[in-house]
Amino acid sequence: MTASETVSLIKPTKMATQSPTPVVNELWFIDTQAMFQNYANLRSFSKSNVTEAQTSIGGLVFGRKDRKQVIHVFFAYHEDLSESNLQFLESALSADIELVGNVNIDGQSILIGNGTFTLQLSSKMLDNRNISEFLDQNVMFNNEHVLMEGASCVSKIGFEWTLRAGREQEDARSAAERLSMASFRFSHLNAEHGLVIREHKKETAKPKYLDKFTKGALPYKDVIEFQVMQSLTRDTSNDTEDQKLVPTVKVTKDNKHFTRLVTIGDVVFPAFFGDSSFDLYKRAREAFNRRSNNTMMVTVNGVRSGRGVTTTTSATYLPPGWVSLLHLQLPLKWTENEQRNYRIRLHKLFNLPSSKPCLRLSQSLALHTDSVRLTNKKLIREPHLSISNYQPVGVVTTVNGPYNYHHYMQDGIDDNGWGCAYRSFQTIWSWFILNGYTDKPVPSHRDIQQTLVNIGDKEQKFVGSRQWIGSTEISYVLNELLKLECRFIATNSGAEVVERARELARHFETSGTPVMIGGNMLAHTILGVDFNETTGETKFLILDPHYTGSEDIKTITSKGWCAWKPASFWSTDHFYNMVLAQPPHDAI
């Protein structure tokens, strides 16, 4: 699929330009900076065809009607503003989010669906990120950052579709429709806490059903796991012996030539503080229907484009700047080039950055206990974000993107006294995994040593030894295993490290990777710099791999293992070398 092909199920329907819907006299909340960034992200993509170069831009607004919150404003070229793409977008968003409005830019709008309002925008306003002008033109809005909240309820549901040869698209649509009609039968159970989410009447709902789990929760880390059962009867109002729940069953296949498509889909839906059991049931059913529809659309798209029926895998993401989760079914058997083109298309539809990956499988959230992880889930992620009460001395620039804290004594390896550079290397590698640049797991000490032997830098006896490595060896391994380029900063003393603060700041602004620094027989990881141009005062955000304790974030931040250090941290009597790994360009 080329970047310009539709990702949606139905052939795009050209919508007639209509007059804006009437203004609604109620106050809504919108994060204007997020809206402006989405517009900039779409514009950052090069025009994929002549039509895009000549067409205007419109958009769709998604939000939470009950809370009067705009969550997403997705901009698109007019040929992409179709009912089919609307269906695809909605099928991938959180179950509590729906279409609430459309966008009018420079007097042009294409109205799709049942939106409540139309945002009045102009190209100049969007280019200049003019908040005041937006609020003047859209008086029903307050500019306010919407906070992320709620726990994630997660479960797996398996279903099988039988698709007749030559009629796969038709059968996939019919199968998804039948599955949606029967979705009331699915019940979500958590035996550990005695939780059941299933069909019932609003009048019998239990109030504040999950409040003890959802207060102060965040959807990307606070998870309630459920098992799914299928009810054999429609009446679920009581638990008599005739009320049976059985594991999810497969649909019946016919006797014609067919393809069986088996999908194990992740059903993820948010639980907010104050939700009743009925709120959760409606959301669970909506989440399942969206997962089924997303599977169907990807299946139909694959058949239509000549790739045939392909299996998919569920992936849940928290893209940069988002306050809700994104749920996708991703094809597994497409070529790397096909998958890359598909990701580019998704980046454009969801207004994600054109300059870095956001939807690689390695970036998906591991919400299940049995989810495949490329990094150790027990490791602390981004400990520097837990540093409190730091007062900057100047302009602060830090690592851009998540990473894991690797240090002495992890993974059952006693590397105390010799493994600090290995651990700094592993922290850097985790950044490349978590930011979508590789799906290769973090190399062990032995893997690193073997790589250096393979390229001829070390002799075979080096493997399994307790010998140190430095910045040069780290760059060799990154180049050999990830084909990355590395920049070096060499200094003759700790005083010169301070003199390179501007260069480090530029690195964090442009590349954003952690920096390994070696000197004085020690290795550390630099995560940021704080530099005052007027006074020259400089501080360095240091992640110390020499820590030997447990994964206790309070100890790590309070005892200085991840902390801001003064310039005197570097010895004036020793030289230091820094390795600055460079992310690849055009790596979506």
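The lining of the largest cavity in this predicted model is made up, by class, of 7 nonpolar, 4 polar and 3 charged residues. Of the 14 residues that line this cavity, Ser94, Pro219, Pro270, Ser324 and Leu325 are the ones nearest its centre. Strand 13, which covers residues 258–271, makes the biggest contribution to the lining, with 3 residues. As for its place in the fold, the largest cavity lies between domain 1 (28–143) and domain 2 (151–232 + 257–363), because both domains give residues to its lining. Altogether, 5 cavities of 30 Å³ or more are present in the structure.

The second largest cavity holds about 80 Å³ of space. Its lining comprises 8 nonpolar, 2 polar and 1 charged residues. Strand 3 (69–77) and helix 3 (83–92) each provide at least two residues of that lining. Among the lining residues of the second largest cavity are Leu60, Phe74, Phe75, Leu86 and Leu89, together with Asp80, Ser82, Asn85 and Leu349.

In soluble globular proteins, nonpolar side chains tend to be buried together. The largest nonpolar core here has 66 residues, and the members that touch the most others are Phe62, Phe88, Trp161, Phe269, Leu326, Leu328 and Phe350. Helix 8 (residues 277–304) supplies the largest share of this core, namely 9 residues. Domain 1 (28–143) and domain 2 (151–232 + 257–363) each contribute at least three residues to the core. A separate core of 39 residues lies apart from this one, with Phe425, Tyr437, Leu484 and Leu543 among its members.

Leaving out residues up to four places away in sequence, Phe350 touches Phe74, Phe88, Leu89, Ala92, Leu93, Trp322, Leu326 and Leu328.

Asp171 belongs to helix 6, which spans residues 168–181. Is Asp171 buried or exposed? Its relative accessibility is 9%, under the 20% limit, and Asp171 therefore counts as buried. Beyond its neighbours within four places in sequence, Asp171 is in contact with Thr162, Leu163 and Arg164.

Technical notes
Residues numbered from 1 in each chain as written. Predicted model: local features only at pLDDT ≥ 70, side-chain atom pairs only at ≥ 80, totals over all residues. Heavy atoms only, no water. Helix = DSSP H or I, 4+ residues; strand = E, 2+ residues; numbered from the N terminus. Buried < 20%, exposed > 50% of the residue type's maximum accessible area, 1.4 Å probe, protein only. Contact = heavy atoms within 4.5 Å. 1 Å grid on protein atoms, 1.4 Å probe; cavity = no way out; pocket = protein on both sides within 12 Å on 5 of 7 lines; lining within 4 Å. Points joined across faces, edges and corners; volume = space filled by probe spheres on them. Nonpolar A, V, L, I, M, F, W, Y, C, P; charged D, E, K, R; others polar. Domains from an automatic or database assignment. Core = buried A, V, L, I, M, F, W, Y, C linked by side-chain atoms within 4.5 Å.
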